Amino acid sequence: MNDLIRKTAVELAELMSSGQASAVEITQAHLDRIEAVDGAVHAFLHVDSEGALAQAAAVDAQRAAGEHLGPLAGVPLALKDVLTQEGVPTTAGSKMLEGWKPPYDSTVVQRLKAAGVVILGKTNMDEFAMGSSTENSAYGTTHNPWDLTRIPGGSGGGSSAAIAAYEAPLAIGTDTGGSIRQPGAFTGTVGVKPTYGGTSRYGLIALASSLDTPGPCARTTLDAALLHEVIAGHDVMDSTSIEQPVPPVVEAARRADVAGLRVGVVKELGGEGYQPGVEARFHEAVELLTKLGAEVVEVSCPHFQYALPAYYLILPSEASSNLAKFDAMRYGLRVGDDGTNSAETVMSLTREAGFGAEVKRRIMLGTHALSSGYYDAYYGQAQKVRTLIARDFEKAYEQVDVLVSPATPTTAFAIGDRVNDPIAMYKNDLCTIPSNLAGNAAASFPCGLADEDGLPVGFHVMAPVLRDDLCYQVGGALEAALADQWGGVLMTKAPELEVTR
């Protein structure tokens, strides 16, 4: 394996700054890796080799000219296929948008390009980000690099799998109910959901507008923090964007000190239904934080138990509204337009052919929840529960600085195991959903391998709104302490993938 692809983003940046490697060489190494192993992993839906090499060459030219460059200039990245990139196919994992090339860049992509980050291509995802396993993609399932028979999580399984397979050192995901953090936990990588409004949704194909949050994915805490700093900040193009300074996430990741930090273990996020190996690694991580000087107490958040049903009313309701625009009249797929069918028939035929089963399920559920006579009973009640969950967080943060839990109840399950059981699939997000409903910051960091199956376990950290730095502070401290035990980050324990080229 080419040594370059094993490097962290920080290490790659140092190699370029010192002249030991060029951005083109590093980009080509990752493109070669994608060609070699992605036939088995299927992390990417589109690889933009020509565009990536052109971006890398531009960075090399800027460096040669002595221009000031950002800390991630020339570092390759995998982009979740839900964010628009001008001229590059963007499908959101759906046949509805097959072949569509956006005429503009999302704000996240604009900021990546401005920072000199090299975008390798677009990663696989559950259709319109609806799913927890990437099995709902219209273009096939992504496989977990730790065990190719297992799912990589979802909806952003492609981004996390790309990092875990050493196809990219960095990736961008989006988190609506755990779609960055849950895949991070399943693949032994770092996944961060910034404070809602801390990263721009402009150019993000919407699932649930009050929940969707772009965020960083990486193999180390510092790499994630550097990427977070690039994409975060106020954006006038997003009405929900927060006009506040970006929290000092890079400084926090480098400080990696939890001495005196008050850590609350959420009582409701554990016990029955949680895999023993997951709980064992979680409690070991909590003990490690205690040894590092953190003050650990148990905290009760009684309304967290209602987060899952509330979420699965709020999200489908917003999705049914957001996806109404895919009507065959504006752009995307168009079926039955042979001159004999009415506009209504063309619309119906297109939505039947273009949407997958899970998308149709959620549209129907959301439309019902918003319908006359049911709005107050379903959507209205769910929003009241959302307020109660936010109050649970507020009360908890009066006692502690951060809350912690397992990131997921289990490790990655086998492909096909839960595809016909939506309720079992939805339960993957038990630990992550509360932070989306409240809008606060949260992240998953690797904390070991479960005894039962040798698969990664994620340690979930939740912090108050605009205290994203606390997530990185805890994650950095945990990562450093565990690296001393493991001889490196958890990814060093991952099995080597067979070259399929």
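This tour goes through a predicted model, starting with its sheet and then turning to some charged side chains.

Begin by colouring the strands, and you will find an open sheet of 11 strands with mixed pairing, in the order β1-β3-β2-β4-β6-β5-β10-β11-β9-β7-β8. Select residues 44-47 and 295-299 next, since these are the edge strands β1 and β8, each of which pairs on one side only. As you follow the sheet across, the twist averages 25° from one strand to the next.

Now select residues 190-193 and 441-449, which are strands β5 and β10; they run antiparallel and are joined by 3 bridges, and within this pair Val-192 stands opposite Ala-443.

Turn next to the side chains, among which the count comes to 18 salt bridges. Show Arg-361 and Glu-358, whose closest N and O atoms are 2.2 Å apart in a salt bridge; the two residues lie 3 residues apart in helix α12, and are therefore separated by about one helical turn. Which of them is buried? Glu-358 counts as buried, at 9% relative accessibility, while Arg-361, at 34%, counts as partly exposed.

Finish at Asp-337 and Arg-334, whose side chains meet in a salt bridge at 2.8 Å, N to O; Asp-337 is partly exposed at 47%, and Arg-334 is partly exposed at 41%.

Methods
Residues are numbered from 1 along each chain as its sequence is written. This is a predicted model: local features need pLDDT of at least 70, side-chain atom pairs count only at pLDDT 80 or more; totals for chains, interfaces and linings use all residues. Side-chain values use heavy atoms; hydrogens and water are left out. Two strands pair if DSSP finds at least two bridges between them. Helices (H or I, at least four residues) and strands (E, at least two) are DSSP runs, numbered from the N terminus. Axes are lines fitted to C-alpha atoms, for helices over the stretch in contact, and angles run from 0 to 180 degrees between N-to-C directions. A salt bridge is a side-chain nitrogen of Lys or Arg within 4 Å of a carboxyl oxygen of Asp or Glu. Buried means under 20% relative accessible area, exposed over 50%, partly exposed in between (1.4 Å probe, protein chains only).
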